[in-house]
Amino acid sequence: MNCLSVDLKAYALGEPGGPGETAHIESCESCHEELERLRVTHAALLALKEEEVPRRIAFVSDKIFEPRWWQRVWHSVPAMGFASAAILAAAIFVHAYARPVTNVQPPAIDTAQVEQRIESEVSKRLDAQVSKAMAKVVADSEARETKLARLLDAAEKRFASERQSDIAMIQQTAQYYRDKIGQVMVASNRISGEGQ
Ligand SMILES: [Zn+2]
């Protein structure tokens with residue numbers, strides 16, 4: 001049993017897990033987190049108002065995705081959990097369609113095709129979003145690096161100029177003592193010369 005063979009969507013929708021499935025989900029951190037995300041999304045979708053249902057149905061049957069619905073879900077779930085959230089949402093819509101409804105004849109829907117279409121749309125949008133986020137991260141870190149490089153440069157220059165002034169001061173001091181020693185020697189030579 002591995003992560004790919006576990007049907008988390010079904011599990012999140014309350015279907016009993018197959019043999020080994022429950023055990024895997026409980027012991028696998030990644031599946032466990034994914035399941036939590038699916039459950040949160042499921043709860044969030046169930047909490048949507050009743051009057052928003054037609055819009056959601058339009059989302060499945062329309063040629064283009066309903067933008068407002070997408071935007072709302074996009075902002076309500078963390079980006080990385082988005083793909084699974086949308087798949088789960090699709091599963092819920094399909095489930096709603098498949099459920100026999102009195103008076104209303106549900107239109108025939110190719111669930112696999114719908115799910116595939118949603119999946120490809122989601123991965124397209126997710127890719128765009130992720131690459132935008134990555135570009136921002138790269139740009140940010142580049143900006144930080146440039147700033148850091150400038151700071152280092154400035155610090156180095158300051159250090160160098162401090163070192164230079166230190167050296168200059170040492171040289172001056174040395175010169176001062178050299179002069180002093182010279183004077184003392186001249187004086188002592190003179191004194192010893194006078195003494196003779
Ligand atoms: Zn797993």
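What follows is a short chat about a predicted model with a zinc ion.

Colleague: What am I looking at, and how are residues numbered?
Modeller: This is a predicted model, where local features need pLDDT of at least 70, side-chain atom pairs count only at pLDDT 80 or more, and totals for chains, interfaces and linings use all residues. Residues are numbered from 1 along each chain as its sequence is written, and side-chain values use heavy atoms, with hydrogens and water left out.

Colleague: Which residues are the protein donors of the zinc ion?
Modeller: C3 (SG), H24 (NE2), C28 (SG) and C31 (SG). They lie 2.1 to 2.3 Å from the zinc ion. Donors here are N, O and S atoms within 2.8 Å of the metal (3.2 Å for Na, K and Ca). Water is not among the atoms, so sites may look incomplete.

Colleague: What geometry does the site have?
Modeller: Tetrahedral, with angles of 100 to 114° among the four donor atoms. For four donors, that label needs all angles between 85 and 135 degrees.

Colleague: How are the donor residues spaced in sequence?
Modeller: The pattern is C-x20-H-x3-C-x2-C.

Colleague: Is H24 buried or exposed?
Modeller: H24 is buried, because its relative accessibility is 12%. Buried means under 20% relative accessible area, exposed over 50%, partly exposed in between (1.4 Å probe, protein chains only). C28 is buried too, at 13%, and C31 at 2%.

Colleague: What does C31 touch, leaving aside neighbours within four places in sequence?
Modeller: C3, L8, H24 and I25. Contact means heavy atoms within 4.5 Å.

Colleague: Which residues make up the largest nonpolar core?
Modeller: Nine residues: V6, L8, Y11, A12, I25, C28, C31, L35 and L38. A core is a set of buried Ala, Val, Leu, Ile, Met, Phe, Trp, Tyr and Cys residues joined through side-chain atoms within 4.5 Å. Helices are DSSP runs (H or I, at least four residues), numbered from the N terminus.

Colleague: New topic. How many salt bridges are in the whole structure?
Modeller: Two. The cut-off is a side-chain nitrogen of Lys or Arg within 4 Å of a carboxyl oxygen of Asp or Glu. R37 meets E34 at 2.7 Å, N to O. R39 meets E36 at 3.8 Å, N to O.

Colleague: Where do R37 and E34 lie?
Modeller: Both are in helix 3, three residues apart, about one turn of the helix. R39 and E36 are also three residues apart in helix 3.

Colleague: Why does E34 count as buried?
Modeller: Because its relative accessible area is 18%.

Methods: Four donors count as tetrahedral if all angles lie between 85 and 135 degrees; four count as square planar and six as octahedral if opposite donors are over 155 degrees apart and all others between 65 and 115; anything else is irregular. Helices (H or I, at least four residues) and strands (E, at least two) are DSSP runs, numbered from the N terminus.
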